[in-house]
Amino acid sequence: SRKHLKTTKMNFFKKILGLNSSDRMKNEDITSEEFFETVYVKNLIEKYKRKTILLKPHKSENELKWTESKFGGYPNLESFTEYPKCDSCNSSLNFVFQIYKKDFLEFYFPKDATIFQLFRCPNNDCKDSYNEFYDHKMFHYFSKVKCEINNEFIKEKNKLASFEPEVPNCYLKPTEKFDFPNYDDFNDEDFVEMEKKFGEEFYEEFIDKYNALPNTKLWGYPSFTQSPFYPECNCGKTKDFLFQLSSEDTEDGIESPLYPNNWSSHGIMIGDVGNIYYFVCKDCGEKSIESYWDCF
């Protein structure tokens, strides 16, 4: 489990640094509430917190307009000359989501682009599926659109033996939160110092409370399910986290999904409840965007 891996790693660093229970401060009288109010913890929170926007897709009973930021349904195809197809297997793509710049001003939009769109190959047997970049081949587009007249293309029906269903209409309930790193993305010395000061119990409470949110989100931190991976740009810089598409996008009120259909409204299952992460070098621009994926 993740918690076991965290504890194992922590024990490893304690051994390296020669820490043991006698090194800790005596904190028998401190409560959890008092621990989180300490200057040390408050400074650590300020050091790492980043703003993120959870898209929070919710299934809609009605067809949503192509002029809206949304998941599923019919997209804005102003800038297309035909309905997009996979360049590997020629399957008609499934539209995943689109966001307009007017709705998400802080998202990365190159040049004069006003919309970002994500599509996904539905073919489980596509020759380009299941590599280091994605489980199903992904396609992203930035475009400049006016939202006056849409192109209405007929989406050619795929004749596939094994395929992923289309994404249903989902409206967004964008929610701003503070995000924190995955455990492995924290500086290990911070946690060694925390356990030395307050003990293992409070250290575990901290990493349970402050971690990367596992939803589809814009910026913040990637919620890796495996070891962290940040790609390096050709210019030598480490790329910035742009957004992630997540299998785990439960609607409000669903706390612990027990069945696959309850993991999300959009219905996309990335491997075994995984994520696809997108990164960009803002100095090098749109051409530098790349993805990486993992799952449990």
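Student: How many residues does the chain have, and what share of them count as buried?
Tutor: The chain has 296 residues, and 49% of them count as buried. Please keep in mind that this is a predicted model.

Student: What makes Ser91 buried or exposed?
Tutor: Ser91 has a relative accessible area of 3%. Buried means under 20%, so with 3% Ser91 is buried. Ser91 sits in the loop between strand 3 (70-71) and strand 4 (94-100).

Student: What does Ser91 touch, leaving out residues up to four places away in sequence?
Tutor: Ser91 touches Pro84, Lys85, Cys86, Cys121, Pro122, Asn123, Asn158 and Leu160. A contact here means heavy atoms within 4.5 Å.

Student: Why is Trp219 given its accessibility class?
Tutor: The relative accessibility of Trp219 is 15%. The limit for buried is under 20%, so Trp219 at 15% counts as buried. Trp219 belongs to the loop between strand 9 (217-218) and strand 10.

Student: What is phi of Trp219, and what kind of value is that?
Tutor: Phi of Trp219 is near 50°, a positive value in a residue other than glycine. Phi of Cys147 is near 60°, again positive in a residue other than glycine.

Student: Where is Cys147, and why does Cys147 have its accessibility class?
Tutor: Cys147 is placed in the loop between strand 6 and strand 7 (170-172). Its relative accessible area is 25%. Buried would need under 20% and exposed over 50%, so Cys147 at 25% is partly exposed.

Student: How do you know whether Glu148 counts as buried or exposed?
Tutor: Glu148 has 62% relative accessibility. Exposed means over 50%, so Glu148 at 62% counts as exposed. Glu148 also lies in the loop between strand 6 and strand 7.

Student: What does Glu148 touch, not counting residues up to four places away in sequence?
Tutor: Glu148 touches Trp66 and Glu78. Glu78 is 70 residues from Glu148 along the chain, with 8.8 Å between their C-alpha atoms.

Student: Why does His140 fall into its accessibility class?
Tutor: His140 has 26% relative accessibility. His140 lies in strand 6 (residues 138-143).

Student: What is His140 in contact with, leaving aside neighbours within four places in sequence?
Tutor: The contacts of His140 are Phe116, Gln117, Leu118, Tyr278 and Ile289. As for Gln98, it is 42 residues from His140 in sequence and 9.7 Å from it in space, C-alpha to C-alpha.

Student: What share of the contacts in the chain with a separation of 6 or more comes from residues 24 or more positions apart?
Tutor: Such residues account for 74% of those contacts. The chain has 5 helices and 12 strands.

Student: What lines the second largest pocket?
Tutor: The second largest pocket has 14 lining residues, and Trp219, Gly220, Asp240, Phe241 and Lys282 lie nearest its centre. Its volume is about 240 Å³. Strand 10 gives the most to this lining, with 3 residues. By class, the lining has 6 nonpolar, 2 polar and 6 charged residues.

Student: How many cavities of 30 Å³ or more does a search of the whole structure find?
Tutor: The search finds 1 cavity. The largest cavity holds about 40 Å³ of space. Its lining has 10 residues, with Pro214, Thr225, Glu248, Val273 and Asn275 nearest the centre. That lining divides into 3 nonpolar, 5 polar and 2 charged residues.

Student: What is the mean pLDDT of the chain?
Tutor: The mean pLDDT is 89, and 87% of the residues reach 70 or more. Over residues 1-6, however, the pLDDT is below 50, and that stretch has 9 contacts beyond near neighbours in sequence. Residues 12-26 also have pLDDT below 50, with 17 contacts beyond near neighbours in sequence.

Student: Why should some coordinates not be read in detail?
Tutor: Where pLDDT is low, the predicted coordinates should not be read in detail.

Key. Residues numbered from 1 in each chain as written. Predicted model: local features only at pLDDT ≥ 70, side-chain atom pairs only at ≥ 80, totals over all residues. Heavy atoms only, no water. pLDDT = per-residue confidence, 0-100. Helix = DSSP H or I, 4+ residues; strand = E, 2+ residues; numbered from the N terminus. Buried < 20%, exposed > 50% of the residue type's maximum accessible area, 1.4 Å probe, protein only. 1 Å grid on protein atoms, 1.4 Å probe; cavity = no way out; pocket = protein on both sides within 12 Å on 5 of 7 lines; lining within 4 Å. Points joined across faces, edges and corners; volume = space filled by probe spheres on them. Nonpolar A, V, L, I, M, F, W, Y, C, P; charged D, E, K, R; others polar.
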